[in-house]
Amino acid sequence: MNDIIAEIDRAAAAAESRAASAASGADVEAIRIDYLGRNGLFPALSRRMGEIPAEQRKATGAAFNGGRMKIQAAIDAALERLSAGSAEKDAIDLTLPGRRSAAGRIHPISRMADECAEVFRRMGFVAVDGPEIEDIYHNFDALNTPMDHPSRDPQDTFYFPDGRILRSQTSPVQIRVMETHTPPVRIVAPGRVFRRDTPDATHGMNFHQIEGLYVDKNVSMADLKSVLQRFACEMFGPDVKIRLRPHFFPFTEPSVEYDFSCVVCGGKGCNVCKNSGWIEIAGAGMVDPAVFKAVGYDPEVWSGFAFGLGIERLAMLKHRIPDLRLLYENDIRFLKQF
Ligand code: PHE
């Protein structure tokens with residue numbers, strides 16, 4: 001026994017344990033380089049053979065060859081183990097159950113907007129789009145909104161530094177359509193609108209409306225009422241009644257607010273309708289002659305009605321959603337229910 005034999009035994013044991021835990025081909029190659037490579041331990045030991053007294057050379061040489069073979073065997077075993085593992089990884093286990101893929105679905109707000117547009121489509125209204133970034137002319141001026149009307153205030157409406165705004169209602173689409181089309185006009189315009197409200201259970205900083213506009217000869221309030229009644233029944237069934245209450249909007253005259261009899265309690269009074277039996281759904285009215293003048297329609301020839309419905313409101317009623325914010329949080333557990 002001498003130093004070199006002791007070192008060979010230690011090296012072989014260390015290399016074997018490293019090979020047993022090698023996790024990749026690169027690990028195994030590193031072992032080969034450390035012990036058997038040109039600058040590795042074994043060539044270095046073989047250069048020290050000259051130090052060994054003659055009578056020990058035979059035993060040392062045998063230990064040297066034995067150690068080298070042990071290390072090579074450990075390397076071969078590690079490579080074998082690793083390649084078997086990767087074949088297993090690549091194999092497909094046909095007995096495993098399939099992975100279920102989650103299907104996406106249309107958001108309840110988009111669904112309600114589509115449903116509304118579809119109901120109006122059956123009454124002859126064509127769905128159109130308008131920009132969410134508007135100018136003051138289309139959102140306010142052409143809609144006959146007085147300069148001191150509170151809705152123009154930056155407290156209520158989002159202004160860009162260049163003076164444009166995020167539209168506060170879908171009514172500017174009325175103007176854009178009339179500017180580019182001659183009457184008769186029969187459109188609905190669903191879309192997102194923005195207001196500086198503090199978010200709570202029934203308010204958000206943005207929400208959705210669907211605007212309606214009907215212009216022709218001899219259009220009357222009775223036409224407006226029948227369209228709104230038809231819409232109410234299509235949405236919530238034949239028993240829903242509607243009621244129009246006098247109101248004010250700058251761009252309609254006369255103006256009304258439009259209520260459904262409460263679809264939860266049938267009009268008897270409950271917490272959804274705050275015991276009134278009615279639920280406010282929309283603003284509406286006959287198009288103001290000043291609006292017709294702004295778009296170059298002759299108010300002596302043409303008459304029309306317009307309405308704007310709140311889409312979240314309708315979706316919340318239809319699905320009994322108690323808090324508007326649920327519609328905006330994108331919680332998959334909530335959205336999955338629709
Ligand atoms: N634009 C009005 C609002 O946002 C609703 C409305 C639309 C009223 C069309 C009358 C006619 O409150």
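Phe42 and Phe64 are both buried in this predicted model. A pair of aromatic rings is described by the distance of the centres and the angle of the planes. For the rings of Phe42 and Phe64 the centres are 5.2 Å apart and the planes stand at 50 degrees, so the pair counts as tilted. Phe42 belongs to helix H3 (residues 41–47) and Phe64 to helix H4 (residues 57–90), so this pair ties together parts that are 22 residues apart in sequence.

A second pair has another geometry. The rings of Phe120 and Phe125 have centres 5.7 Å apart and planes at 70 degrees, so they are edge-to-face; an angle over 60 degrees is what that term requires. Phe120 is buried, as is Phe125. Ring pairs also join Phe120 and Phe125 to Tyr214, Phe231, Phe305 and Phe307, and these residues form a cluster. The count for the model comes to 13 aromatic pairs.

Two packed helices are described by the angle between their axes and the distance between the axes. The axes of helix H8 (residues 221–236) and helix H10 (residues 311–319) come within 11 Å and cross at roughly 40 degrees. By residue type, the contact of H8 with H10 divides into 5 nonpolar, no polar and 1 charged.

Phe260 lies in strand E7 (residues 252–261). Its relative accessible area is 0%, so Phe260 is buried. Neighbours within four places in sequence aside, the residues in contact with Phe260 include Phe231, Ala232 and Phe236, together with Leu314. Also among its contacts are Val240, Lys241 and Ile242, as well as Gly277, Trp278, Ile279 and Ile281. Phe260 and Phe236 are 24 residues apart along the chain, and their C-alpha atoms are separated by 9.3 Å.

Helix H2 (residues 25–35) shows how burial can be arranged around a helix axis. Its buried residues are Val28, Ile31 and Tyr35. Viewed down the axis of H2, the buried residues fall within an arc of 55 degrees, so they line one face of the helix. An α-helix has 3.6 residues a turn, so residues three or four places apart point the same way.

The backbone has some features to note. Most residues other than glycine have a negative phi, and most peptide bonds are trans. The peptide bond from Pro183 to Pro184 is cis, with omega near 0 degrees. Pro184 is placed in the loop between helix H7 (172–180) and strand E4 (185–194). Glu253 and Pro254 are likewise joined by a cis peptide bond, with omega about -5 degrees, and Pro254 is in strand E7.

Lys274, which is not a glycine, has a phi of about 50 degrees, and its place is the loop between E7 and strand E8 (278–287). With a relative accessible area of 72%, Lys274 is exposed. Asn330 has a phi near 55 degrees and lies in the loop between H10 and helix H11 (332–335). Asn330 is exposed too, its relative accessible area being 53%.

Methods:
Residues are numbered from 1 along each chain as its sequence is written. This is a predicted model: local features need pLDDT of at least 70, side-chain atom pairs count only at pLDDT 80 or more; totals for chains, interfaces and linings use all residues. Side-chain values use heavy atoms; hydrogens and water are left out. Buried means under 20% relative accessible area, exposed over 50%, partly exposed in between (1.4 Å probe, protein chains only). Helices (H or I, at least four residues) and strands (E, at least two) are DSSP runs, numbered from the N terminus. The arc is that of the directions from the helix axis to the C-beta atoms. Axes are lines fitted to C-alpha atoms, for helices over the stretch in contact, and angles run from 0 to 180 degrees between N-to-C directions. Ala, Val, Leu, Ile, Met, Phe, Trp, Tyr, Cys and Pro count as nonpolar, Asp, Glu, Lys and Arg as charged, and the others, Gly among them, as polar. Contact means heavy atoms within 4.5 Å. Rings of Phe, Tyr and Trp (its six-membered ring) pair if their centres lie within 6.5 Å; planes under 30 degrees apart count as stacked, over 60 as edge-to-face and the rest as tilted.
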